Each structure stands twice: as C-alpha cells, then as structure tokens.
Amino acid sequence: MKLGQGRRDLVLDSIRIGIIEVDGDGRIRAQNAEGSRLLGVSADQTADRTLTEVLGPNHPAAELIERLLQSGEEVFAHDCPLPAGLAV
C-alpha cells in the first residue's frame with residue numbers, strides 16, 4: 001500500500017519514536033515531529049542539510065551516521081546501539 005505524502009507525514013508524526021531519514025550522502029530527507037524534537041530543529045530548518053551540519057561534527061549521532069555512510073551498511077534503529085553520549 002502506498003500512502004500519499006500528506007498522509008505519510010500524518011502517520012509518521014503520530015509515532016512517538018524519532019524518525020530521521022538520511023540519504024546516502026548524509027542529507028536529511030525527512031523527519032517526524034519526534035525527530036524534530038530530538039534534533040532541536042524543525043524539518044524546514046534541516047531540509048537538504050546533513051546531520052553533521054545540523055548537530056555539529058562531534059555529536060555522537062553525526063559521527064555514527066558518518067561511520068555508517070563510509071561503511072556502506074544499512075542500519076535500522078533496532079539493529080544499531082546508540083553511542084553512550086547520545087542525548088535523547
């Protein structure tokens with residue numbers, strides 16, 4: 001089943017887990033409301049920016065994404081332990 005963009009956004013925003021979609025270049029492509037809260041910025045402020053640009057190069061989440069992009073592996077939150085310093 002394919003959802004329209006507006007309906008997809010409504011579904012994602014109703015989920016209480018932060019979802020941040022990052023493409024193969026490290027650019028943020030989508031985030032839900034909880035993802036915005038975790039990042040501390042709205043989706044409008046992150047549009048087409050990298051996670052490193054938003055959080056800074058020394059943030060554990062940015063370091064994690066950079067490491068994953070370099071390795072080329074696909075990782076989902078339930079497969080990936082978060083670094084101890086990651087603020088949630």
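Side chains of opposite charge can pair when their charged atoms come close. Keep in mind that this is a predicted model, where local features need pLDDT of at least 70, side-chain atom pairs count only at pLDDT 80 or more, and totals for chains, interfaces and linings use all residues. Residues are numbered from 1 along each chain as its sequence is written, and side-chain values use heavy atoms, with hydrogens and water left out.

**Overview of the fold.** The chain has five helices and two strands, laid out along the sequence as α-β-β-α-α-α-α. Helices (H or I, at least four residues) and strands (E, at least two) are DSSP runs, numbered from the N terminus. Of the 88 residues in the chain, 25% are buried; the labels here are buried for under 20% relative accessible area, exposed for over 50%, and partly exposed in between (1.4 Å probe, protein chains only). The chain exposes about 6,300 Å², with carbon and sulfur atoms supplying 52% of it. Those areas come from the Shrake-Rupley method with a 1.4 Å probe, and for residues only the protein chains shown count as cover. Among contacts (heavy atoms within 4.5 Å) with a separation of 6 or more, 18% join residues 24 or more positions apart.

Strand 1 (residues 20-22) and strand 2 (residues 28-31) run antiparallel and pair over three bridges; pairing calls for at least two bridges found by DSSP. Look for isoleucine 20, which faces glutamine 31 of strand 2. Five residues separate the two strands of this hairpin, and glycine 26 in the turn takes a positive phi of about 85 degrees. In a regular strand the side chains alternate between the two faces of the sheet.

**Glutamate 53 meets arginine 27.** These two side chains form a salt bridge, with their closest N and O atoms 3.7 Å apart. Glutamate 53 sits in helix 4 (residues 51-55) and arginine 27 in the loop between strand 1 and strand 2, so the pair ties together parts 26 residues apart in sequence. Both ends are partly exposed: glutamate 53 at 45% relative accessibility, arginine 27 at 26%.

**Arginine 29 and aspartate 48, with Asp23 joining in.** The arginine 29 and aspartate 48 side chains make a salt bridge of 2.8 Å, N to O. That links distant parts of the chain, with arginine 29 in strand 2 and aspartate 48 in the loop between helix 3 (43-46) and helix 4, 19 residues apart. Asp23, Arg29 and Asp48 are linked in a salt-bridge network. Arginine 29 is partly exposed at 44% relative accessibility, and aspartate 48 is partly exposed too, at 43%. Check the backbone at aspartate 48 as well: its phi is positive, about 65 degrees, although it is not a glycine.

Glutamate 34 and arginine 37 meet at 2.7 Å, N to O. They are three residues apart in helix 2 (residues 33-39), so about one helical turn separates them. Glutamate 34 is partly exposed, at 21% relative accessible area, while arginine 37 is exposed, at 53%.

Threonine 50 lies in the loop between helix 3 and helix 4 and counts as buried at 13% relative accessibility. Leaving out residues up to four places away in sequence, threonine 50 touches Asp25, Gly26, Arg27 and Ile28. Gly26 is the turn glycine from the hairpin view, and Arg27 is the partner of glutamate 53.

**The second largest pocket.** This pocket has a volume of about 170 Å³. Its lining has 13 residues, and the closest to the centre are Asp9, Arg29, Ala30, Gln31 and Ala43. Helix 1 (5-14), strand 2 and helix 3 each bring at least two lining residues, and strand 2 has the largest share, four residues. On a 1 Å grid over the protein atoms alone, a pocket is an open set of points where a 1.4 Å probe fits, with protein on both sides within 12 Å along at least five of seven lines; lining residues have an atom within 4 Å of a point. Points are joined across faces, edges and corners, and the volume is the space filled by probe spheres set on them.

Conventions. Salt bridge = Lys/Arg side-chain N within 4 Å of Asp/Glu carboxyl O.
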